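Here's a quick tour of how the side chains pack and pair up in one protein model. Have a look at it first.

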Amino acid sequence: CLGETYEDGAVSLTVEESFYAGENAEELSPEAAVERVRDGDTANLVGEACVEAALSAGVVDESGVLEVDGTLHAQVVWM
């Protein structure tokens, strides 16, 4: 979904390559992405496979998931 913009009323989500795919970006399976979320401080997750994997693993709560123009989005902040 890199380069896509999802809009739903006043909410707009642009999956900018400069943010989501920096120079150290690598393609991961949803399970590997969940492990990165557990190891990190923050995460921005976009897409059904990634967000569903995070929900199943318990690193994201369903109440914190947004659906924007049919695309799932969740943010994680570990404190």
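The notes below go through the cores, the aromatic pair and the salt bridges.

## Ground rules

This is a predicted model, where local features need pLDDT of at least 70 and side-chain atom pairs count only at pLDDT 80 or more, while totals for chains, interfaces and linings use all residues. Numbering runs from 1 along each chain as its sequence is written, and side-chain values use heavy atoms, with hydrogens and water left out.

## Nonpolar cores

A nonpolar core here is a set of buried Ala, Val, Leu, Ile, Met, Phe, Trp, Tyr and Cys residues joined through side-chain atoms within 4.5 Å; buried means under 20% relative accessible area, exposed over 50%, partly exposed in between (1.4 Å probe, protein chains only). The largest core has 15 residues, and L45 and V60 touch the most other members. Beyond its neighbours within four places in sequence, V60 is in contact (heavy atoms within 4.5 Å) with L45, A54, L55, V65, A74 and V76. There's also a second, separate core of five residues, including L13, V15, V46 and V68.

## Aromatic pair

Ring pairs of Phe, Tyr and Trp (its six-membered ring) need centres within 6.5 Å; planes under 30 degrees apart are stacked, over 60 edge-to-face, the rest tilted. The structure has one such pair. F19 and Y20 have ring centres 4.8 Å apart and planes at 80 degrees, so they sit edge-to-face. F19 is exposed at 54% relative accessible area, and Y20 is partly exposed at 25%.

## Salt bridges

With a salt bridge defined as a side-chain nitrogen of Lys or Arg within 4 Å of a carboxyl oxygen of Asp or Glu, the structure holds two. R36 bridges to E26, closest N and O atoms 3.2 Å apart. E35 and R38 form a salt bridge too, at 3.2 Å from N to O.
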